[in-house]
Amino acid sequence: MLVLKQLPIVMISMSRWDGDFSSAAWSLAKTFAKDQVVIYVDYPYTLLDFFRERSKASVQRRKEALLFGKNALLPLTRYSSNLYGLTPRLMLPINWLPPGAIYRFFSRINDRILVASIKKALKSLDIEEFIFFNSFNPLYLTKLPNGFSPRLFIYQSRDNIRALEPYLRKHGAQAEVEAIRNADFTIVTSRQLQSDLAELSGKAVNYLPNAADFDTFKQSYLEEIPVPSDLQGIPKPIIGYTGNICHRSDYDLLNHICQQHPDKSVVMVGPRNHWASTQIDLDAIPNLYFLGPKPIEKLPEYLAHFDVLILPFLLNEVTKSIYPLKINEYLASGKPVVATPFSEDIMAFADVIRLEKDHDEFVRAISEELEGDSIEKRGKRHQVASENTWENRVAQVWKMAETLKKQ
């Protein structure tokens, strides 16, 4: 019988392998795939998603799989010979339904559609025993249907669903508690989530913080990297940010940074999802630049040419449960970092980053970190990132699994 570390992994999440920004689930999948087969299941498209997004290249590439279940399993050999991307058939759009028996009925149908796609992929690879890893997708397979029997069921939470937008909170909050109760073990990325979910579920919850693809991001510290074409011509010094530009960001603070540092450029790299979260016309700010989303492999090219990095997050119920994926990516570059003290997890980095709650103090910290930077400080930041790798996190997962096996 294969030991757990040798078993193939089927992973679902709320992201897709070719999504617009780096994802913890995708990073974990790539790391697991260094040693074992991983089937990374795309976040499912519903019939409504397909209709709305049918002209997008990402949907057109998946059309046969979505409509007919053909060519659904894609070898992702550019990342690993062990890694596959799976596009499941289209799902029923049911999130508009109120909680209750009707929603649960159609949710079970969606789960069966998803399981059918997974089982077909497993059969094509001649896989019988496997591990199922639900990496923060509380809308699917929180209770495994009959006939879908992995050796191990792992659930991971990365955000406080109860404080997120209604779309996910409506059905996901209770479903996540159900997932924790059904899983063999649960991992979470923040101390606040660990406390909250253990209380809500009545089960033990394990802490596994996010990490960085250190081998990728260390390039921005160790190598001379040419300036990306869309960064050329933007005046330096540059205050940089990478990641989703969304409801977590403090746009009043961002505006204040731009106003108080008119001699500097503020460059945001990532998808723009901010329109419902601020009334500020960000496009009217003359020294604020949006460069759009970039593949994770390209991010070091930008970090290498930023002078100081920022995490201007709000302090609220959403952010206090966040261990930001980007903090170790930032630190791997060696560049100074200024952040708001939004969570217990970010405050654990106080030795190597600057934490400021007040807007004026945040602005002042940017200048002080730029002026006071040194080779020694850069080396210390880089060293901290080298200890927070996905390889280390995967090793921790196997330790948890082995401990469970011995109980």
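Modeller: A polar contact is a pair of N or O atoms within 3.5 Å; within protein, one must be able to donate a hydrogen and the other to accept it, and residues adjacent in sequence count only if both atoms are side-chain atoms. The model is predicted, so local features need pLDDT of at least 70 and side-chain atom pairs count only at pLDDT 80 or more, while totals for chains, interfaces and linings use all residues. Residues are numbered from 1 along each chain as its sequence is written, and side-chain values use heavy atoms, with hydrogens and water left out.

Biologist: With which side chain does the side chain of Asn328 make a polar contact?

Modeller: Asn328 lies in helix α12, residues 326–332; helices (H or I, at least four residues) and strands (E, at least two) are DSSP runs, numbered from the N terminus. Leaving aside neighbours within four places in sequence, Asn328 is in contact (heavy atoms within 4.5 Å) with residues including Asn210, Phe349, Asn388 and Tyr323. The polar contact of its side chain, at 3.0 Å, is with the side chain of Tyr323.

Biologist: Is Asn328 buried or exposed?

Modeller: Buried means under 20% relative accessible area, exposed over 50%, and partly exposed in between (1.4 Å probe, protein chains only). The relative accessible area of Asn328 is 0%, so Asn328 is buried.

Biologist: Which backbone oxygen does the side chain of Ser220 reach?

Modeller: Ser220 sits in helix α9, residues 219–222, and counts as buried at 6% relative accessibility. Beyond four places in sequence, its contacts include Ile225, Pro300 and Ser333. At 2.7 Å, its side chain reaches the backbone oxygen of Phe217.

Biologist: How many degrees of arc do the buried residues of α7 cover?

Modeller: In α7 (191–201), the residues Leu193, Leu197 and Ser201 are buried. Their arc, taken from the directions from the helix axis to the C-beta atoms, puts them on the same side of α7, because it spans only 40 degrees.

Biologist: Which elements do those buried residues of α7 pack against?

Modeller: The helix is followed by Gly202, whose phi is positive, near 75 degrees. The packing partners of the buried residues are β6 (152–157), α6 (166–182) and β7 (185–188).

Biologist: What is the relative accessible area of Arg62?

Modeller: Arg62 is placed in the loop between α3 (57–61) and α4 (63–68). Not counting residues up to four places away, Arg62 touches Arg16, Trp17, Asp18, Asp42, Tyr45 and Thr87. Arg62 is buried, because its relative accessible area is 5%.

Biologist: Asn71 and Leu141 each have a positive phi; which of them counts as exposed?

Modeller: Leu141, in the loop between β5 (131–135) and β6, has a phi of about 50 degrees and is buried at 0% relative accessible area. Asn71, in the loop between α4 and β3 (73–75), has a phi near 50 degrees. At 67% relative accessibility, the exposed residue is Asn71.

Biologist: What omega does the cis peptide bond from Lys236 to Pro237 have?

Modeller: Pro237 is in the loop between α9 and β9 (238–242). The cis bond from Lys236 to Pro237 has an omega near 5 degrees.

Biologist: What radius of gyration does the protein chain have?

Modeller: The chain has 16 helices and 14 strands, and 56% of its 407 residues count as buried. The radius is taken over C-alpha atoms, and the globule rule is 2.2 Å times the number of residues to the power 0.38. For 407 residues a compact globule would be near 22 Å, so the chain agrees with the rule, having 22 Å.
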